[in-house]
Amino acid sequence: MEQTIHRDPALFYWILFPITVVMILTGVLRHYATILLASTPKKLELPAIREQRSLLRGINLRNNAHSIPPSAFAARKNYMISAYKEGAFLKDPENRGKAAANPMTDPAAMEGMMGMMKGNMAMMVPQTLIMGWINAFFAGYVIMKLPFPLTLRFKSMLQSGVATRDLDVRWVSSLSWYFLNLFGLQSVFIFILGNDNAANQMAQQMSQMNPGAGVNMFQPGQDPDKIFQSEAENLEVLEHEYILKGVEERLLSSV
């Protein structure tokens, strides 16, 4: 027998709808607050750009080696390996072999840490306020029922704040509706703010896990010379196989 709960229709207008609207508006405000708090990235100097692009060049050669003839690959490989081992691409050749500098003394690293702190504040403060608001005014309410069946594993996720064992798993509490909106409004934010928005919860978490992705290939505290030496070893052990080798025979044999 299907479980029925007589609910006040006003719950939709006074709980479900306000939580959804507040979550959307908070995401929009977080997006613009993050833009205002973000500092303008400093332009890299030419030696630093050369250092990064040289490492990327070796990685691209290793990943796309099958697309160039053996002679061209051998010439590029020998050049890159010798340059890596000699430190020809280092931004500061005079610091080669020395211990890596303390990241806390690097102004660029400190600026990146401050940017992370600002991003965390823009993400955590609104969440804390909304969580307190929902706990204070809407705790314990069952606001909607999902139209499709679910297993009991979803009960703890959909019925947070409602301590009952007999309630059908398809019923959703107000607190669970907040969590569903927290991770389920990405499409709405993309529609309103575009793909590259700061309101996307999952994207912000990924950027916090890897804040230097796409900006600086060398993280604070890393020794570029050791990275170059490692890439030189990767190129040395790479076995080259040209993708067009014997293509005429393969083509004629398939006819």
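This is a predicted model: local features need pLDDT of at least 70, side-chain atom pairs count only at pLDDT 80 or more; totals for chains, interfaces and linings use all residues.
**Overall look.** I started with the secondary structure: ten helices and two strands in the protein chain. Reading from the N terminus, I get α-α-α-α-β-α-β-α-α-α-α-α. Next I checked burial, and 32% of the 255 residues count as buried. The chain exposes about 16900 Å², with carbon and sulfur atoms supplying 63% of that. I also looked at contacts with a separation of 6 or more: 70% of them are between residues 24 or more positions apart.

**Salt bridges.** How many salt bridges does the structure hold? I found three.

I took Glu-231 and Arg-62 to begin with; their closest N and O atoms are 2.8 Å apart. Glu-231 sits in helix H9 (residues 224–236) and Arg-62 in helix H2 (residues 46–63), so this pair ties together parts 169 residues apart in sequence. Glu-231 is buried at 5% relative accessible area, while Arg-62 is partly exposed at 26%.

Then I went to Lys-85 and Glu-236, whose side chains meet at 2.5 Å, N to O.

My last stop was Arg-170 with Asp-168, a salt bridge at 3.4 Å, N to O. Is Arg-170 buried or exposed? I have Arg-170 down as buried, because its relative accessible area is 16% and the cut-off for buried is under 20%. Asp-168 comes out as partly exposed at 21%.

Definitions and conventions
Residues are numbered from 1 along each chain as its sequence is written. Side-chain values use heavy atoms; hydrogens and water are left out. Helices (H or I, at least four residues) and strands (E, at least two) are DSSP runs, numbered from the N terminus. Buried means under 20% relative accessible area, exposed over 50%, partly exposed in between (1.4 Å probe, protein chains only). Contact means heavy atoms within 4.5 Å. Accessible areas come from the Shrake-Rupley method with a 1.4 Å probe; for residues, only the protein chains shown count as cover. A salt bridge is a side-chain nitrogen of Lys or Arg within 4 Å of a carboxyl oxygen of Asp or Glu.
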